[in-house]
Every structure is written in C-alpha cells, then in structure tokens.
Amino acid sequence: MSTDLNIQNPIPQYTEKTDEITAKLEQFLAEQNPPSHLNPSQKENIACLFGNSPFLSAIAQRNIEFTAQLFANGPDFTIDIIWKELSKPYVKNSGVADLMENLRILKAKVALTCAYADVVKEWPLHKTTKALSDFASQSLNTALAFLLTREAQKGNIELDIGDSETVNINIVRYCGFFILGMGKLGANELNYSSDIDLIALYDPSKVNYTGRKSIKHFFVSITQELMQIMERRTMHGYVFRTDLRLRPDPGSTPVAISIEAAETYYHTVAANWERSAMIKATPIAGDKKLGQSYLDNLSSWIWRRSMDFAAIQDIAAIKHYINTHFEQSDKDFEGFDVKLGKGGIREIEFFAQINQLLYGGRHIAIRKKATLQTLDALVEEKLLESDTRDRLRDAYIYLRTLEHRIQMINDEQTHTIPEDDDQRILVCKFMGYDGDDQLKESLFYRTRYVSKTYQELMPDDQEQDKQSFIAANLEKTLNTFGYSASSSIANIISGWRSQKYRALRTDRSQKLLEECLPGLIASFAEMSDPDAALTRFDAFIAKLPAGVQLFALFQANPSLFKLIARVMGLAPALADTLAKKPMLWELLLEPYFFAPIENETELTEYLQSLIDNAQDYQDILDKTRQFAEEYKFRIGVQMLESIASTDEAMQSLALIADVILKCLIPCVEAEFQDRYGSFENAGIAILAMGKYGGSELTHTSDLDIVFLYYIDDMSKASNGQRSLGPSQYFSRLGQNIITAITALTSEGRLYEVDTRLRPSGNQGPLVVTLDTFRDYYGKSAWTWEHMALTRSRIIKEPTHFKDQLVSEIRTILTKERDQETLLKSISNMRQKLRDANKVVSPWAIKHAKGGLVDIEFICQYLLLKHGENYPQIFSSHIDTALNNLLEHQLIDPQICSDLIAARQYMQNIQSVLRLCHGEKTLDDEAFSIGLTEILCKSTKQENFDILKGNLLKWQSTIYKHFQTIIDYPNEHVENNVSD
C-alpha cells in the first residue's frame with residue numbers, strides 16, 4: 001500500500017443538487033455588471049463540494065453572492081471578507097439577538113470557505129483548522145466585549161468603554177477575565193464540526209467590579225450568557241457547541257473560577273491526565289496577557305525538569321488512563337471511530353503529548369501545542385526518528401481529512417464510519433473512492449502503524465509496579481520515595497496487611513488496600529515529613545469501623561490520595577477530626593464540596609430539613625452536630641487548599657454558628673415549654689460577643705454569648721404544668737440552651753460556650769432583663785466590659801424586643817465618658833493581660849506585643865472616646881469600625897491603614913495555625929515545609945523568612961501605635977496627676 005497522501009477528488013453523489021446550485025450561480029453571475037459565467041474548473045469544484053454534502057449545499061443556496069465570490073476569487077479572498085465583517089463594531093445598545101444572528105451567519109460562511117479550501121485542496125490541513133480556530137477565538141472575544149460593555153453601562157464593572165456609540169473590542173484586554181482554549185482549539189486544530197473546550201477564569205485583584213452581587217456571581221453569569229451566545233440554536237444555526245468540563249473539578253466548581261482557586265487545585269489535587277490537557281491550553285479571549293501569566297505560573301507543574309520515580313509513574317498512569325477510557329476494541333470497518341478507535345487520531349495526539357511530558361522539562365523546544373509541530377520538534381531534538389514522524393504525519397493528515405469529510409456531510413459531531421450502507425458510500429465518494437474496500441484498506445494501513453507505535457511508546461508495567469510494593473521490596477521502595485524511617489513505615493504497612501485493624505480484616509478491604517497502596521505512598525512522600533503524615537494516617541485507619549468504603553472511595557478517585565496526604569501531613573488538628581469522624585471524608589465526593597459556602601437562607605433550609613426529619617430531641621442534637629462538623633471540615637479543607645481566604649473562612653464559621661443557634665434554640669424552647677409552658681409577649685435574646693460578634697471565628701473558637709430576656713409583666717408565671725416565675729424560667733431556659741450546645745453526645749460537642757461577658761460575669765445571673773442590663777452597664781460595668789460591648793451583635797431576639805435592645809446598647813456605648821479615666825482603664829487593662837499572658841513568641845498572634853489584642857484595644861478605645869459625638873462609628877467588625885473612624889477623621893489615615901493591614905496579616909496566620917495545630921503556640925523549628933507553604937500562600941509572601949520578618953515588623957508597628965495612642969498619653973496624664 002502506498003503512503004501517497006494525494007487524496008482523490010470527491011465523486012459527486014447528488015448530481016441534481018450540484019446542477020441546481022450551478023444554475024443559481026450562473027444566473028447570479030449573468031445579472032452582474034459586467035456579466036460572467038462559470039468555467040469548467042469551477043463547475044467541477046461545485047460538483048466536488050456540493051455533490052456529497054446537503055449541509056454545504058444549504059449554506060450555498062442561502063448565500064449565493066458569497067458563494068460566487070468564493071468560486072471566483074478563492075478562500076483567501078472570502079476569509080478576509082469574514083474577518084472584516086467580524087471586526088465591525090456593534091452598536092452598544094443593540095440587542096444580543098443581533099450579535100447572535102451575525103455570528104451564526106458568519107460561521108456558516110467560514111464553514112463553506114474552509115470546506116472549499118479543504119476539498120479543492122487550496123489550503124493544507126493546518127491552515128483550514130487554524131481558520132476554524134481563529135473564528136472561534138474572535139467570535140468569543142467579540143461576544144465578550146459586547147457583554148462587558150453592557151455591564152459597564154449598567155455600572156457593574158469599571159471599563160473604559162469610551163464615548164463612541166459602538167463597542168470597543170479592546171476593552172477585554174485588561175478586564176481581569178480570560179478564557180483558555182483547550183484541546184484542539186488551544187492548538188489551532190479545530191475539526192470541522194468540533195465543539196470548543198474552554199476554561200473561564202478571573203483574577204479579582206485585576207477587576208474593578210462595582211456591582212451589587214459577588215464578583216464570582218458576576219463572572220459566572222457572564223460565562224453562562226457567553227456560552228449561550230455561542231451554542232444556542234436559532235433559525236440561523238449555532239456558532240460552536242461549548243464544553244466547560246475541563247475546568248478544575250467541574251462537578252463542584254462554578255463555570256467561572258478564580259485563578260487562585262484553579263492554581264491551588266492543579267498544585268494539590270489535580271489528576272494525572274490534567275497535566276496532559278494543559279499542554280494545549282491557550283488564552284483565546286478576554287485578558288490574554290493575564291491568561292498567559294496564569295499559564296506561565298503553571299509551567300513548573302506541567303513541565304517537570306527531572307524524571308524521578310513518581311513522575312514516571314504519573315506518565316504511566318496517564319497512558320493507562322488513556323487506554324482505559326478512550327481505547328476501542330478492534331472494530332469492523334463499519335462503525336470504526338477515526339478519532340478514538342485503535343490507531344486513531346487520539347493515539348497520535350497522545351503519542352506526541354506523552355513524549356512532551358517525558359522530555360519537555362529539559363527540552364523546551366518540544367513544548368508545542370499543535371500535534372504535527374510537536375512531532376517535528378521531537379525529530380529536531382533527536383527524540384524521535386524522522387521515519388516515524390513521517391508515518392505519523394501521513395496518518396494524522398489522512399485521518400483528519402477523513403474526519404472532516406464525515407462531518408461536512410450534515411455538520412454532525414461524529415467521527416465514525418457510518419454503519420448505514422448509503423451513508424457509508426457517501427463518505428467513500430466524498431474521499432474519492434468508488435467503494436468500501438479502497439477506503440478500508442487505506443484507513444487500516446495507517447491505523448495499524450499508529451497503534452503499534454503508540455503501544456511501543458511506554459509499555460504498561462503494572463506488574464513491575466506491584467513488585468515494588470511487595471513486602472520483600474517495600475523498604476527499598478520507601479527509601480526511593482524519600483521516607484527517612486523506612487523500616488518503621490514498612491512495619492506499619494505490614495500491620496495493615498496482617499489485618500491488625502478492624503477496618504482491614506476482610507478480603508475486599510485487603511484487595512482495595514493493595515490497589516491503593518502505591519498512590520498513598522507516593523502522595524505521602526510529597527509531604528515535608530512523610531513519615532509523620534503516614535503515621536497519622538495509621539492512627540486514622542486504626543479508628544475506622546470498616547475500611548472497604550474508604551479505600552473504594554480512594555480507588556475510584558485517585559486525586560483524593562494527595563488531599564488525604566495534605567490533611568495528615570499539614571493539619572494534625574483536622575486529621576484528629578477525621579480520625580473521630582472518618583465518614584466526613586465522603587463529603588469530598590459531593591459536587592458542592594469545594595464551592596463557596598452557601599448563604600444563610602440555604603444553610604437554614606438545609607439544617608431545618610435535617611431537624612424536621614429528626615426522630616426526637618436527642619436526634620436533633622446529633623443532627624446539628626453532624627451539620628456543624630460537616631461544614632467545619634469543608635471550610636477547613638477549603639482553607640488548607642487556599643480555596644477560601646481566612647476572612648471568608650472566619651465569616652463562614654460564624655455564619656454556621658448563627659444558623660445553628662437560630663435553628664436549634666427554637667427546638668430547645670419547644671422542649672422546655674413542654675414542661676414549663678410559656679409567657680405571652682416574652683422571649684429570650686442572645687448577643688454574640690468577641691470574635692463571634694465580629695464574625696471572626698476560627699476552628700478552635702468558643703462562642704462568647706450573653707442572654708437577655710423580655711417580658712411585659714414580671715409578676716406573671718409560665719402557663720405550664722410546672723409553672724415558673726420569669727427569672728427562674730429564663731435562667732433555666734438559658735442553661736438548657738447552653739447544655740444543648742455543649743453537651744457531649746455520640747456526635748460530640750457543638751461548641752464550648754463562654755458567658756463570662758454577661759453583667760457581673762460569673763457572679764451574676766445567667767439571663768437578665770433589659771432593665772438589669774441597662775442598670776449594670778450604666779452604673780457598675782468596668783471599662784473593659786464596655787469595650788467588649790463594642791463587638792456585640794444580636795443573633796436572636798423577640799421581634800418586638802430588637803429595637804429596644806439596639807437602642808440601649810447604642811445609649812451605653814455613646815454615653816459621656818471621662819477621657820482620662822477611659823485612657824487609664826484601657827492602658828491598665830492591657831498591662832494586666834500582658835502580665836497574665838507572658839509571651840515572647842511572635843506566633844502567639846493574639847497576645848504578643850503588637851498582636852491582635854492591641855489592635856482591638858486601639859479600635860475600642862477610639863470608639864468609646866468618640867462615641868458620644870459620633871454614634872454612627874460603631875460596628876462589631878473591627879475593619880468596618882476602623883474605616884468608620886477614618887471616615888470621620890478620628891484616626892490618622894496611616895495608623896488606620898496599618899491596623900487593618902496588620903490585622904488581616906495576623907488573622908491569616910492565626911487562622912491557619914489554629915486550623916492545623918489548634919491552640920498550641922509553635923516554635924520556629926516546629927513549622928513544617930508544608931505548613932510554611934500554606935502560611936506563605938495565605939499571606940502572599942515569597943518564603944517563611946519574609947513572612948516572619950513582616951510579622952515582626954507589623955507587631956513592632958502596632959505596638960508603637962498602641963504606645964502613641966494609649967500608653968504615652970496615659971503616662972502623661974499620670975505624671976500630671978502626680979505633679
């Protein structure tokens with residue numbers, strides 16, 4: 001069989017259709033000035049193009065003038081016309097329907113032009129696929145500019161849209177949002193009826209978003225509408241079918257995601273095949289400069305400089321993935337898939353990409369996107385024989401040409417040789433063959449060579465891999481992976497295999513363990529202390545009641561290996577939670593797990609549904625604990641993976657607490673009322689205080705709360721069988737609420753509760769009336785109690801009680817104060833705290849000199865100092881309160897900026913440390929590499945030394961501000977008094 005790629009001209013099947021189009025073109029040309037006619041060569045081309053494609057015939061008949069230009073002047077002429085039409089600006093206030101219509105009309109013209117260039121052989125394959133790819137990119141860019149201009153006009157985003165009445169497509173260049181073309185689009189290799197694989201990303205720091213909803217919601221909506229513009233079918237057809245499933249974790253992420261979340265995903269839990277997929281990624285629309293910067297940042301993840309043991313395993317896994325998911329068994333000619341079939345297009349593409357993964361770290365020249373360019377580069381770098389390249393090139397061009405002819409017939413996204421006899425004959429004739437045998441021989445000659453070459457690239461060595469993990473070789477394998485105590489770790493694994501733990505005592509669990517073991521060992525090896533991480537995993541397994549479910553989960557989702565390794569290696573506190581509740585791990589399979597935490601309404605509906613289905617009061621307590629643990633675990637993992645910022649995590653943790661109390665307390669009240677009845681026009685209120693009041697909870701925070709109650713007649717008794725007076729009733733109710741929160745059930749505790757901020761502290765009643773509250777704070781409260789009240793937030797109250805409570809708190813905070821007494825009290829209080837918490841470590845973020853307490857004290861002092869004259873400055877959120885002070889010129893702008901920046905910086909550090917290590921204060925030596933990486937990412941620092949240096953600078957700066965604002969003025973006052 002010859003390898004000559006001189007494909008024959010098509011043999012027309014539908015001669016009546018070619019005659020019809022020929023007549024229409026002749027009539028059109030005769031009516032022109034001057035008149036003209038078709039020459040024999042043009043008539044032959046008409047037969048070749050329309051004699052086998054109803055789809056192309058329909059386009060021609062709808063666009064006779066354009067078709068005449070194409071046959072008279074060729075595809076280069078008409079493609080230029082299309083680019084000019086596409087680049088014409090749209091009127092800003094025109095409807096999206098006009099845009100959609102124009103893009104679809106132009107797509108039809110592109111389809112006709114490319115088909116002509118292909119069939120008549122005026123363009124090589126790469127020029128045809130590039131034209132299709134360019135149109136996809138430019139149409140996306142045009143539509144995006146249209147949508148962003150509309151949103152800028154609405155005031156949702158700040159862009160320089162100018163005064164012109166038309167859309168300026170250049171506004172997308174610096175919009176902070178971009179689209180990556182993946183696969184064939186990214187490589188300029190789109191096939192004739194291809195869909196387009198896309199990933200939509202944005203950088204919040206690069207966007208001047210001014211809308212009312214979240215920036216995430218904005219870009220998700222833009223992306224959804226953009227996809228609709230591309231793929232919705234109208235009377236004019238469609239532009240391109242779109243596919244967004246190549247984005248990170250598509251089952252649980254929105255259609256547009258931040259680049260930080262994407263980078264975190266790729267560097268932590270991405271699957272093997274995703275490295276291969278990113279080779280072809282190209283910014284094709286939007287802020288392309290930002291897109292290229294994003295890809296540059298991923299370069300070290302895609303291109304590994306050294307072929308270590310783990311990297312080679314990864315590549316072997318990619319090939320195994322391809323073989324498992326894409327390979328077809330040997331098919332008859334009828335129904336053979338020229339893309340996915342054995343020896344098809346996909347195997348040529350992956351042959352090139354696997355070579356790139358193997359050698360691209362050291363051979364930059366082979367980092368190409370297009371398949372044929374990659375094959376050429378491999379030859380130039382002496383990584384591939386030229387004869388192999390030539391045979392693969394021949395097969396690739398032939399198969400792509402055949403693919404195009406199959407698709408041109410009816411514009412269907414198919415790659416298979418039709419099983420229907422008539423349709424198969426049509427394909428044969430479109431390829432220039434009289435019958436099946438010629439096409440079959442030519443096709444399988446090429447696919448057999450491709451299959452043989454692909455299979456020889458990297459033979460599967462699964463048995464060899466298994467040999468590495470048998471007991472006799474295990475210690476050596478562990479050494480290869482970098483375990484320092486390989487003997488001890490081998491003993492741990494031996495214990496697993498000997499069914500030491502209940503979870504591993506079945507044949508099924510042992511089989512799953514062996515299948516998961518290579519992935520687990522490789523993932524733990526990536527931790528800074530793999531021995532400690534795997535040892536924690538051992539403790540985790542020891543507490544499992546059964547192992548089949550967990551290891552089956554790992555087997556089905558290998559990307560979870562890396563995540564379990566990171567939890568065990570970087571976050572012992574989170575690992576302890578998992579050890580107590582291993583089934584939390586199943587949450588990772590939920591499609592929403594890595595998505596932002598839901599809003600209060602959605603969370604309340606979910607928890608309320610759990611409560612509504614509870615069997616009894618005890619079950620309600622258990623279900624609320626399950627709810628809390630699930631969300632705390634989810635938030636913790638999102639923090640660990642840098643998907644959620646520390647501020648987002650703290651606010652989410654506070655929101656979870658709010659929702660739980662708002663849903664649980666009515667249940668406690670109902671249960672209490674069954675015994676003691678109730679009062680008319682009465683109810684209990686709860687104030688959140690401290691970090692809870694400021695929505696700054698960490699994973700180890702308790703809840704600072706204060707109870708109040710309202711009743712219109714203190715002489716009444718409750719109407720239950722066991723009636724109580726108001727004071728006793730609400731005191732017992734308050735205690736029951738605390739018990740419901742803190743009781744240790746089979747599901748653990750919800751939270752620890754601290755009520756010491758109530759009037760008179762531990763010496764006073766648990767629940768007080770508003771009058772008692774007012775009298776205490778008006779006459780007896782210490783200054784520090786007023787400071788604490790600045791962070792109060794009402795989370796539950798009787799409807800008719802709220803306005804009174806808000807008014808009383810405002811009255812207390814804004815009362816006239818002796819400034820010298822206020823200053824002295826706050827200064828002395830801070831010194832007592834320093835004496836009580838003698839810390840020298842800067843990692844004691846809360847109590848260190850210049851730490852979070854100093855920031856709070858400065859803010860609270862200024863609020864109380866100026867509250868009388870500026871009642872509007874109060875807020876339970878520190879940053880908001882500081883900005884309020886700044887707005888009224890009550891704080892130096894630089895000091896305000898320092899306090900906010902330092903609080904954010906230190907809060908980031910504290911939240912990560914508490915997530916990973918609880919309340920324990922670490923020494924520098926205790927910081928693992930993994931922990932420092934998380935801290936650096938959270939604080940956006942280059943390395944640990946810079947991170948610590950900046951922490952010390954911030955603490956020094958804040959302490960100086962504290963001295964300037966509080967200590968020095970207090971000393972001055974005291975000196976004046978003594979004088």
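I call a residue buried when its relative accessible area is under 20%, exposed when it is over 50%, and partly exposed in between, with a 1.4 Å probe and protein chains only. By that rule Phe627, at 0% relative accessibility, counts as buried.

**Ground rules.** The model is predicted, so I take local features at pLDDT of at least 70 and side-chain atom pairs at pLDDT 80 or more, while totals for chains, interfaces and linings use all residues. Residues are numbered from 1 along each chain as its sequence is written, and side-chain values use heavy atoms, with hydrogens and water left out.

**Whole protein.** I looked up the overall figures. The protein has 40 helices and 10 strands; these are DSSP runs numbered from the N terminus, helices being H or I of at least four residues and strands E of at least two. Its C-alpha atoms fill a box of roughly 110 × 80 × 65 Å along the principal axes. Of the 979 residues, 57% are buried. I count a contact when heavy atoms are within 4.5 Å. Among contacts with a separation of 6 or more, 74% are between residues 24 or more positions apart.

**Helix α1.** I checked the length of α1, residues 15–30. The expected span of a helix is 1.5 Å times one less than its number of residues. For the 16 residues of α1 that gives 22 Å, and the end C-alpha atoms are 22 Å apart, which agrees.

Which residues of α1 are buried? They are Thr18, Ile21, Thr22, Leu25, Phe28 and Leu29. I then noted what the buried residues of α1 pack against: α2 (40–50), α3 (54–62) and α4 (64–73).

The loop between α1 and α2 holds Pro34, and the peptide bond from Asn33 to Pro34 is cis, with omega near 0 degrees.

I also listed two residues with positive phi. Ser695, not a glycine, has phi near 55 degrees. Ser695 is in the loop between α30 (690–693) and β7 (703–711), and its relative accessible area of 12% makes it buried. Gln889, again not a glycine, has a positive phi of about 55 degrees. Gln889 lies in the loop between α37 (878–887) and α38 (893–917), and at 73% relative accessibility it counts as exposed.

**Cysteines.** I searched for disulfides, meaning pairs of cysteine sulfur atoms within 2.5 Å. The whole structure has zero. For Cys428 the nearest cysteine sulfur, that of Cys48, is 16 Å away. Cys428 is buried, at 0% relative accessibility. The sulfur of Cys667 is 7.6 Å from the closest cysteine sulfur, in Cys663, which is too far for a bond. Cys667 is buried too, with a relative accessible area of 13%.

**Aromatic rings.** I paired rings of Phe, Tyr and Trp (its six-membered ring) when their centres lie within 6.5 Å; planes under 30 degrees apart are stacked, over 60 edge-to-face, and the rest tilted. The count comes to 31 aromatic pairs. One of them, Phe177 with Phe219, is stacked, at 4.9 Å centre to centre and 0 degrees between the planes. Phe177 is in strand β1 (residues 177–181) and Phe219 in helix α9 (residues 215–231), so the pair ties together parts 42 residues apart in sequence. Phe177 and Phe219 are both buried.

Tyr606 is in helix α27 (residues 600–612) and Phe627 in helix α28 (residues 617–640), 21 residues apart. Tyr606 is partly exposed at 30% relative accessibility, whereas Phe627 is buried at 0%.

Ring pairs also link Phe672, Tyr676, Phe679, Tyr709, Tyr729 and Phe730 into a cluster.

**Charges over rings.** My criterion is NZ of Lys or CZ of Arg within 6 Å of the ring centre and within 35 degrees of the ring normal. The charged end of Lys107 sits over the ring of Phe240, 4.0 Å from its centre. For Arg446 over the ring of Tyr398, the distance to the centre is 4.1 Å.
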